[in-house]
Number of protein chains: 4
Amino acid sequence: MTFENYKQIRDRSESLCTHLETEDFVIQAAEHVSPAKWHLAHTSWFFETFVLKKFLPDYNEFHPDFSFFFNSYYNAVGERTARNHRGLMTRPTIEEVFDYRGYIDEQMRGVFDNQFSDEVDEIITLGLNHEQQHQELLITDLKYNLWLNPLLPSVLNIKEYPNQSERGWLKIKEDIYPIGHEGDGFCFDNELGSHKVYLDDFIISSNLVTNQEYQEFIESGGYRNPDYWHSDGWSWVISDDIKAPLYWLAKEDKVFYYTLDGLKELDPNAPVSHISFYEAAAFAEWSGYRLPTEFEWEVASNKFSWGDRWEWTNSAYLPYPKFEKAPGAIGEYNGKFMVNQMVLRGASVATSPGHSRNTYRNFFHPHYRWQFTGIRLCKR
Amino acid sequence: MTFENYKQIRDRSESLCTHLETEDFVIQAAEHVSPAKWHLAHTSWFFETFVLKKFLPDYNEFHPDFSFFFNSYYNAVGERTARNHRGLMTRPTIEEVFDYRGYIDEQMRGVFDNQFSDEVDEIITLGLNHEQQHQELLITDLKYNLWLNPLLPSVLNIKEYPNQSERGWLKIKEDIYPIGHEGDGFCFDNELGSHKVYLDDFIISSNLVTNQEYQEFIESGGYRNPDYWHSDGWSWVISDDIKAPLYWLAKEDKVFYYTLDGLKELDPNAPVSHISFYEAAAFAEWSGYRLPTEFEWEVASNKFSWGDRWEWTNSAYLPYPKFEKAPGAIGEYNGKFMVNQMVLRGASVATSPGHSRNTYRNFFHPHYRWQFTGIRLCKR
Amino acid sequence: MTFENYKQIRDRSESLCTHLETEDFVIQAAEHVSPAKWHLAHTSWFFETFVLKKFLPDYNEFHPDFSFFFNSYYNAVGERTARNHRGLMTRPTIEEVFDYRGYIDEQMRGVFDNQFSDEVDEIITLGLNHEQQHQELLITDLKYNLWLNPLLPSVLNIKEYPNQSERGWLKIKEDIYPIGHEGDGFCFDNELGSHKVYLDDFIISSNLVTNQEYQEFIESGGYRNPDYWHSDGWSWVISDDIKAPLYWLAKEDKVFYYTLDGLKELDPNAPVSHISFYEAAAFAEWSGYRLPTEFEWEVASNKFSWGDRWEWTNSAYLPYPKFEKAPGAIGEYNGKFMVNQMVLRGASVATSPGHSRNTYRNFFHPHYRWQFTGIRLCKR
Amino acid sequence: MTFENYKQIRDRSESLCTHLETEDFVIQAAEHVSPAKWHLAHTSWFFETFVLKKFLPDYNEFHPDFSFFFNSYYNAVGERTARNHRGLMTRPTIEEVFDYRGYIDEQMRGVFDNQFSDEVDEIITLGLNHEQQHQELLITDLKYNLWLNPLLPSVLNIKEYPNQSERGWLKIKEDIYPIGHEGDGFCFDNELGSHKVYLDDFIISSNLVTNQEYQEFIESGGYRNPDYWHSDGWSWVISDDIKAPLYWLAKEDKVFYYTLDGLKELDPNAPVSHISFYEAAAFAEWSGYRLPTEFEWEVASNKFSWGDRWEWTNSAYLPYPKFEKAPGAIGEYNGKFMVNQMVLRGASVATSPGHSRNTYRNFFHPHYRWQFTGIRLCKR
């Protein structure tokens, strides 16, 4: 780990914001998203709290209130801004937040200038992976925040319409398979450790469900027939009046789709995106297939290409047999979310370069749609 | 299957209501519970809809509106009373509902008087298991419905304080185990079919967590420390101001507990009851143990005694590898609930005699507490 | 005041319930209505609390918990059942409530057997007027409670389609007029005392707006044009999806109306009923007229016939210049409601005989519709 | 009316924002407040929509979407941004909004350069009074928006602690008094026209209730005793957990108060501010006095000094006898709010210079507190 590695990842956060106006950094359109400003500051808070304050002798805090402002971890590291108030914090300004980032990076250079222990190396690595996760959230939150503006601003081009190959069906044989992460590379605690899972025979699609296929589901009445839906999913369809994926906009007989690069016509061949688990499962039911489990996905993943959409699996997010909570604040990270969420595997067009691996376990509540989520079909 | 078998199970539903006043049959204290009257009628509707109307020639419907009133299945079998309006249906009266039951039983005798196919036998068996499930709900809903009445009425004695053995720790060895139901006896679709699961070594408690142990958790600040809780669990503790299991009542330095037989002092040696999954998991975390998975539970279940409390497992309710949805209305039964719910294994003091088996998969959303739920500890 | 007077009014409460089933007495379909059982008990609680306990030596309370159960007055007379839990109180049973009524009446006979002071006479008179108010609520709450039952039960005939005279316009001259109650007869504290109000010239209709006129308003788009509505009224129309008066039911090109005597075709000549203040004001705006103030209504009331519908006025419910709060619990009665409510004048087909006078000030929040409310037009 | 008059009022809007950061212009902390940016734009939209587009030949709209963005009038002038989304409109930026203001002023100069009709003069006058109203809202909304920020920024000094004179009691004699606005000066439609009101004798305080007096109310248990409160007020105290006026902050045994110039110790002699009608009425009840009606206030207003706090009256906001709705969009202005709101009289430290008069009728729903509201006592 060198300061250049560190700085390259840190700089990417700022480069995502090149085309933002000052105002764009401020807002929070719903409790589950955060302002761009918050992501930029919170990722710096991580290095200040877990590296600089602990390991840099005589470190001077940038500002006494920032710890309160930009903490997202309840309890173990003190108080924090109420999650739904993040969009009201006009001060510190975005300029001050960039100053904060600059200050942290400068101080971190001091850490790198000296030799440091493996422990520090591990925390810095964790901090950089944490920053990459927030880079993806910064992108997806930005899309959600700007979507309600009738001007539908264009601020970032991340190629939201990737190419798709033809569909093929891959066969996997019944066997005991090793699941989970092993080896020296970085991984999160929820991927550890390698363990055995028994799988039956199954086939899995080599590509993702396309917008055109999803439109067929819609046109055949998919959103009006409870038979395809989980009970909780159907309640959600009714209460939220859901009729199409997020960011779809029908205008004069055409369907458009809001990308961070502005409104575009829907590309029929691109993989469908911004669907909830409920929609993914309903589509699978309608199509006569099913969603893979996360274990099936991991075992098959070397046989297909992935990385354009986070792929909903039919696995609930639960601890692996050898999972152990790390002590202290960093340990808050993953275990406390292991109920009510579904696992997504793969990566998306918004994922930071170098951040993906086939043991990675992403997870969201089943009704959320603001990530770049997609569908891969499977069958016994 | 004889009419006597049928009638014995049917009669038990009514015998549970011996001490109810007419008024007690009517109310519904929350959307997730139903009036006693509704359970008595809905279980009869099942036989009318799926047996009598289909297989008894010239069957005359008891009342043209009952199908609407007492249907709980959306879509496939037509319209139904809004779930949260069940407690407003003063008509038909309870007397009419008992007449309905009598009429259905009389007509069912006609079915039994003739020979019938295996298909009919299967549906009747399903109907009786369905009735037994509603007997347990009738009991637990009744408790919830009467609990808000300051008179805390006594209406039923089901021995809510069963004896508990001493704690021992049972060891299970790493291996591939068969999971799920096999053989000729009745089971629900979600238990089928037998499949292999790989388990690591673990130990599991021979008894359940007691009220006294749970009080220690409370007294040590268990409800005030987010470290023990899932993130969603902690939100629930805060928003619902949770401080103890359901039905606990502190009066003048003593803790009482509402049973269907009236208010009693809390028995320290009885297994704790009426806790949510969040509470079960938080207790386990606090104690240094964890909850078993449903697979661990099933494999170990022959080595301990069970049946007093539904035991929360750390398994989400998901389809088994060979799960298939049955076609038609009866198929609605289980698959559509396979998201957002946690599996409970075992049975409880409210479960109907003869209704239990160690492959049975019960399931509830993780915040619910009105069932007789308990905690069994486990560890790697 | 004789016991016979007392008993005649008390008996009417029970006579309204002749055709109710036990179950009908229990339910509460919304927080703003109460179960029939509650009205029967609460009116008895009034005599027990304010007469028997205070003025009958050696009075024995009927049941120690009834005070808690049937109190509606917060604070000054102790705790009470949460308002939205009244429909969950299955015990005491309706039979016990009738016993309670019998016991109270028997004890009250004891009061009448002796001479009593003017103070006691005043409280008994207040208690009987209070009972008459609850008789009207018993009727209107019953209608609301039974309305959600698809059987639309018939339980009471109160002639909901009264005859209407032809419309005429009455002229009132500008002047100073006395407003409020004077003299020896009973009145509520909010009608006291007579005071002067300056009125300009106005004309007022001799009859009420009919169903047919109201249908014209609907057909001309009245519920879709915000121009006719107050801002708060329009929000209510949108959020509650209001399209017609309460209890209207369109079936196969005809409009029906639920009466307590069952579903009937809408009578075009009957005065419109069950409309909110917002609807009354929007209708008036659409028609080019306005609602009278309560002062205009009172001054003109000797010139027209009234008593079929409570007539919404454009006066907010506020204290008269000489209004003073009575000390103690009975004083809670009227003053604390003097904000956010609109005054209704007259009486309705559900009002108890002998309970009306032209100084009577009824009041409800502007969105409520479950009373027999109507519209009288007016203009400068 | 000259362009200089016009420009002077318009410039004041911008001068209020001198110390704001770009971020401060964006946010909206609750649905009932608006972002500073929105006020600056909406007031310009008024001149564009009602003057420039109608009366300036060949006028070119500044931007085709601004009409949608900055319209607050539903229906009559087309679609508009959802009220609770105003804080999400990052684009147009504040810089563009200032450009918009500049453009409108430049175009308005064109209007003034030519002679114009009385109609145009009236609309410009209305537009300037409208702008002054929004200047006050800009101030009070800003305070509300910044209040949740733990930095409690200082952005404006408007002397929130005005001097108070000693209390005296002024006597007004029973009589018929003229109420309402007459003469040539500008007034809003709700003040027209002069009409007669009969008043009884009363006395009224020469000064406002102070912070110190209000603290006595709090210390004597004012927020814990329902006797002092309207029923709706008490529900509000309980549901919103109200214990003190808005913007009060207790720290280490001292009470502080957030002003737009930063946090200050509470000045005991300053008039209490930021209280709801419910609190004003409860204080009056506790003190043994009452709030004046708006008529009493108007008649007495020449005998005392006013203008520091908007004074809650006990009058509901209702039309005067001669009130008539102006046709078209401008007519939406006042009539549609005439239900559920209470009248405030006077003016406050946030009111624009030259905008006050003693016939002015301000109005808010009774639970709102973000205006500079105060209490004047009165008695029969």
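Q: Which residue in β10(C) is the bridge partner of C:Val343?
A: C:Phe363 is the bridge partner of C:Val343. The model is predicted, so local features need pLDDT of at least 70 and side-chain atom pairs 80 or more, while totals for chains, interfaces and linings use all residues; side-chain values use heavy atoms, without hydrogens and water. Residues are numbered from 1 along each chain as its sequence is written, with chains lettered from A and ligands numbered from 1 in the order in which they are written.

Q: What makes β9 and β10 of chain C a strand pair?
A: Pairing requires at least two bridges found by DSSP between two strands. Strand β9 (residues 342-346) and β10(C) have three, in the antiparallel sense.

Q: Why are β10 and β11 of chain C called edge strands?
A: Each pairs on one side only: β10 spans 362-364 and β11 spans 373-374. They belong to an open sheet of four strands, in the order β10-β9-β8-β11 (chain C), with mixed pairing. Strands here are DSSP runs of E with at least two residues, and helices are runs of H or I with at least four, numbered from the N terminus.

Q: Why is one side of β1 and of β12 in chain C left without a neighbour in the sheet?
A: Three strands form an open antiparallel sheet in the order β1-β4-β12 (chain C). β1 (169-172) and β12 (378-379) stand at its edges, each with a single partner strand, so one side of each has no neighbour in the sheet. β1(C) pairs with strand β4 (residues 202-205) over four bridges, in the antiparallel sense. There, C:Ile172 stands opposite C:Phe202.

Q: Why are chains A and D said to be related as by a two-fold rotation axis?
A: A rotation of 180° with 0.0 Å of shift along its axis superposes chain D on chain A, with RMSD 0.0 Å. The same surface serves both copies, as 100% of the contact residues of chain D recur in chain A.

Q: How do you know through which surface chains C and D meet?
A: 100% of the interface residues of chain C are also interface residues in chain D, so the copies meet through the same surface.

Q: How far apart are the nearest C-alpha atoms of chains A and C?
A: They are 14 Å apart, and the two chains do not touch. Contact means heavy atoms within 4.5 Å. No contact joins chains B and D either, with closest C-alpha atoms 14 Å apart.

Q: What classes of residue line the largest cavity?
A: The lining has 11 nonpolar, four polar and no charged residues. Charged means Asp, Glu, Lys and Arg. Among the 15 lining residues, C:Ala316, C:Asn340, C:Gln341, D:Ala316 and D:Asn340 lie nearest the centre. The volume of the largest cavity is about 80 Å³.

Conventions: Copies are superposed by least squares on the C-alpha atoms of residues with pLDDT of at least 70 in both. On a 1 Å grid over the protein atoms alone, a cavity is a set of points where a 1.4 Å probe fits but cannot get out, and a pocket is an open set with protein on both sides within 12 Å along at least five of seven lines; lining residues have an atom within 4 Å of a point. Grid points are joined across faces, edges and corners, and a volume is the space filled by probe spheres set on the points.
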